[in-house]
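The structure is shown first.

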Amino acid sequence: MTIRGAVPGELSAGKGDDLAQLLSLIAGRDAAAFSTLYKRTSAKLYGVVARIHNRGDVAADVLQETYVRIWEKAGEFDPVKGSPLAWMATIARNRALDEVRRIRPESLDDQPDSLEPAAEEVDPLAARERSEGLARLIGCLQGLDEEKREAVMLAYYRGLSREALAKRFARPVATIKTWLHRSLAELRDCLGS
Amino acid sequence: MTVTPDDDFAAAEYALGTLDASERATLAARRLRDRELDEAIRAWEARLAPLLEATPEIEPPRDLLPAIEARIWGAAPRSPVDAAFIALQRSVAFWRAAAVAASVIAIVLAIGFVAREMSRQPAPREYVAILQKDGASPAFEVTVNLDKQELRIRPVAARAPPGKSYELWIIDAKLGAPRSLGVIGDKSHAANLFGIDPAAVESATYAVTVEPPGGSPDGKPSGPPVFVGKLIAVAP
């Protein structure tokens, strides 16, 4: 299956080209380019990380790790495979998820209770500006049952594990796993069409 | 796409973020050797990436950029936590003595090594090891770049027991006694491999022991390894 229009819109157009150029300079160990890249992207990446880590000091550490990794891996960025910001945000998310799983392994404390008020939740369905890619994905997400869609959103934006989702929705972990697999299969089929 | 349906779901859950620590570590290690799995993960990351557009920005703390730059240049201590951790390591007397001895050997060996490396330009030689107690519970991820003679260890799920430190050792017949690669803090830790025979680096067993705070007092493991693993080459 191929990915069409992997990450359009804000994440790829216009300023994405500049970011790609900065990344290639950074691959050549350009310190000024790195500083510029940080200033242009850190609020976005911190937005991703801080939603997974409620503790500011942990989120700041994860952001540090993320940029060190971006510095080390800049040469591996491939513009054909996606936008620069999506590439960086994916590194940030993976760092944040590795860390949150390490700090709160498995079913330990109740992440749902520690969630911020609903006003803090990201709701892509309410996004005013939508790229073609986001519009398509939202179209597919709207095909899911409300609870299942919410589970996908909480996992993606807040980093909730299957166990945390099970608690949140008061369902067995096995049920959550089935939900996730069905939802993801539906999304894949919907996006692939 | 040629991954099995199970692997595709694992890739999907990896990208979504719902896997637990050991599942994530297992998949992260597998994708280094399995190109199709790696592509399946990337495909899922790309499918979900448009969601990132909807993530509002949040200004990070102000002092972060200098801290990151310091880490990149390797000039200054990393963060207050890392600085304290480095200070703790350095307080161990043997560490200093070992460092002096090692740096002398390192210079001698590095010259030979660099000369050899410059005569051929192979792909970077990277290795990964997952240190674990048993097959189901990876605890640390070790990555080695043999060209840079650098090792990194990252805790995946392990946390040292209260009042104890984890210490990493390289064990190989070519090296004689187990050699410490430093105390492992809560975060990723780098160690240089200068002065260690690259063949030994490749074939060695990497082991983590539980030590008194700050590391073994006599430069020898105090107890049996708690987590062990061996390097595998990462597909270029």
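A residue is counted as buried if 20 or more other C-beta atoms lie within 10 Å of its own, and as exposed if 12 or fewer do. The structure is a predicted model, and the burial described below is computed from its coordinates.

**Helix α9 of chain A**

By this criterion, the buried residues of α9(A) are A:Ile176, A:Trp179, A:Leu180, A:Ser183, A:Leu184, A:Leu187 and A:Leu191. These residues lie on the same side of α9(A), because they cover an arc of only 120° around the axis. The face turned away from that buried side carries the exposed residues A:Ala174, A:Asp189 and A:Gly192. The helix itself runs over residues 173-192 of chain A and has 20 residues. From its first C-alpha to its last it reaches 28 Å, close to the 28 Å expected at 1.5 Å a residue.

What do the buried residues of α9(A) pack against? Within chain A, the partners are α6 (132-141), α7 (146-158) and α8 (162-169). From chain B, α1 and α3 take part as well.

**Chain A as a whole**

Chain A comprises 9 helices and 0 strands, in the order α-α-α-α-α-α-α-α-α along the sequence. Of its 193 residues, 48% count as buried. Among contacts in chain A between residues at least 6 apart in sequence, 66% join residues at least 24 apart.

**Contact between the chains**

The contact takes 55 residues from chain A and 39 residues from chain B. On the side of chain B that touches chain A, α1 (5-16), α2 (21-33), α3 (35-48) and α4 (64-73) of chain B each supply at least two residues. The residues of this side divide into 25 nonpolar, 10 charged and 4 polar.

**Confidence**

The average pLDDT of chain A is 84, and 81% of the residues score at least 70. Among the elements of chain A, the lowest and highest mean values belong to the helices α5 and α9, respectively.

| Helix of chain A | Mean pLDDT |
|---|---|
| α5 (residues 111-114) | 44 (lowest) |
| α9(A) | 96 (highest) |

Over residues 1-10 of chain A the pLDDT is below 50, and this stretch has 31 contacts in the model beyond near neighbours in sequence. Over residues 106-119 of chain A, pLDDT stays under 50, with 13 contacts beyond four places in sequence. Where pLDDT is low, the predicted coordinates should not be read in detail.

Technical notes
Residues numbered from 1 in each chain as written. Chains lettered and ligands numbered in written order. Predicted model: local features only at pLDDT ≥ 70, side-chain atom pairs only at ≥ 80, totals over all residues. Contact = placed C-beta atoms within 7 Å. Helix = DSSP H or I, 4+ residues; strand = E, 2+ residues; numbered from the N terminus. Nonpolar A, V, L, I, M, F, W, Y, C, P; charged D, E, K, R; others polar. Expected span 1.5 Å × (residues − 1). Arc of directions from axis to C-beta. pLDDT = per-residue confidence, 0-100.
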